[in-house]
Every structure is written in C-alpha cells, then in structure tokens.
Amino acid sequence: MRNNDIKEKEFRGLIFQIIIAAIVTFIIIQFLGRIVIVEGISMEPTLSDNDVIIIEKLTQRFGTIKQGDIVVLKIPEILSNNKSYVIKRVVATQGQHLVIENGEVWVDGNILEENYINGNETVIANPLYDDIIVPEDCVYVLGDNRLPGRSRDSRAFGPININRIIGKSWLRIFPINKIEIIR
C-alpha cells in the first residue's frame, strides 16, 4: 500500500467516526435528554442563575409528570426579552384544584409543604389563576423563588399544556461543588 492510500483510509475512518458521533448526539438530544443552563433566579434556592443541569425527556414520553417535578417549558409567546424556555416546579396536575390563599398554596384541600421555597408566602399575581381546577393535559407551575416579582409563572399566565414540557430536571452538573440529583 502506498502512503497516500493509508492516509485516505485513515481520513475516511475519521469522517465515519465523526458522522457516527453526530448521529448518536442527535439521538440523545432528541429523545433522551440535554444540557440546559439556568437563566435567572426564579428557582432559587433550588437552582441558581448559570447552574448547568441535565434534563431527561423520557418521563413525559413514557411516564407521567408529577406534582413536585421540576420541568423545562417552551413558552416563547408568554415570555419577554426574547426568552423561549423557563424552568419551574409542577405544583398541580390535570384535574387538581389549586387555591392560593393567605400566602399559602392548597391543592385538593391540602396545604402544600414547600420547604424548598424562597420567601414565606405565595402572592397572587392574577386573580384568574388563584382558584382553579387544572385543565386536562395541563400543569400549574411555580418558581421556587416566591419573593415578590421574582418568578413569572402560572400565577400570571395560567396552566400550561404538557406538550410544552421539553424535559424534567435530573442532575445539576455545575457548579462542581453543587453536583446533585435535583428534587
């Protein structure tokens, strides 16, 4: 074999490996999960600005999004500042009766135990959404940062259709000193 033939064969092998890596990456991003950078403070203290997390896409495809799950939603028509995605906590799912009253969140007559929130109360942002039965195929989401003006969520824009969920938070990978499974 000539030297050029060997280099050409190595080059073809390299191109083949790059194509395979691109296909595998596409499949992972499309069907299994992706890396997301948190923007903003609406989920503090659970998640902070610039945290890097991995979201998984299998739960909404093959399972059920549940109360307490932290999800990434694609809702560009609702958001401002050219944002398309938000990360929020599901506090009620379809058919559940949610009431925000006296600074507390009630679901189906039970007060939510929310030891993860920032602030001592949940204020009403829009009276249309403070006493609501969550419609079919929808979720009611809130940010964990309940200090006034810190989270734009279902209190302002109402329940969100589950087809807007692109993934469920799974693992924080940055900053390194905060690596953990997200709950």
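Which residues line the second largest pocket? In this predicted model, where local features need pLDDT of at least 70, side-chain atom pairs count only at pLDDT 80 or more, and totals for chains, interfaces and linings use all residues, the lining consists of Thr59, Gln60, Gly63, Thr64, Ile65, Thr93, Gln94, Asp137, Cys138, Val139, Ile162 and Ile165. Residues are numbered from 1 along each chain as its sequence is written, and side-chain values use heavy atoms, with hydrogens and water left out. A pocket here is an open set of points on a 1 Å grid over the protein atoms alone, where a 1.4 Å probe fits, with protein on both sides within 12 Å along at least five of seven lines, and lining residues have an atom within 4 Å of a point.

The second largest pocket holds about 200 Å³ of space, a volume being the space filled by probe spheres set on the points. Helix H2 (58-62) and strand E9 each supply at least two residues of this lining; helices (at least four residues) and strands (at least two) are DSSP runs, numbered from the N terminus. By class, the lining has five nonpolar, six polar and one charged residue, with Gly counted as polar.

Strand E9 (residues 138-142) leads on to strand E4, to which it is joined by four bridges in the antiparallel sense, and within this pairing Ala92 stands opposite Tyr140. Strand E4 also pairs with strand E3 (residues 70-74), again antiparallel, over five bridges, where Ile70 stands opposite Arg89; two strands count as paired if DSSP finds at least two bridges between them. Because eight of the nine residues of E4 (residues 85-93) are buried, the strand is largely enclosed by the rest of the structure, buried meaning under 20% relative accessible area with a 1.4 Å probe, protein chains only.

The largest pocket, with about 560 Å³ of space, is lined by 23 residues, of which Glu39, Lys83, Tyr85, Val86 and Ile87 lie nearest its centre. Strand E1 (33-37) and E4 are the elements that give two or more residues to this lining, which is made up of eleven nonpolar, six polar and six charged residues.

Ser42, in the loop between E1 and strand E2 (52-56), is buried, with a relative accessible area of 13%.

How values were computed: Buried < 20%, exposed > 50% of the residue type's maximum accessible area, 1.4 Å probe, protein only.
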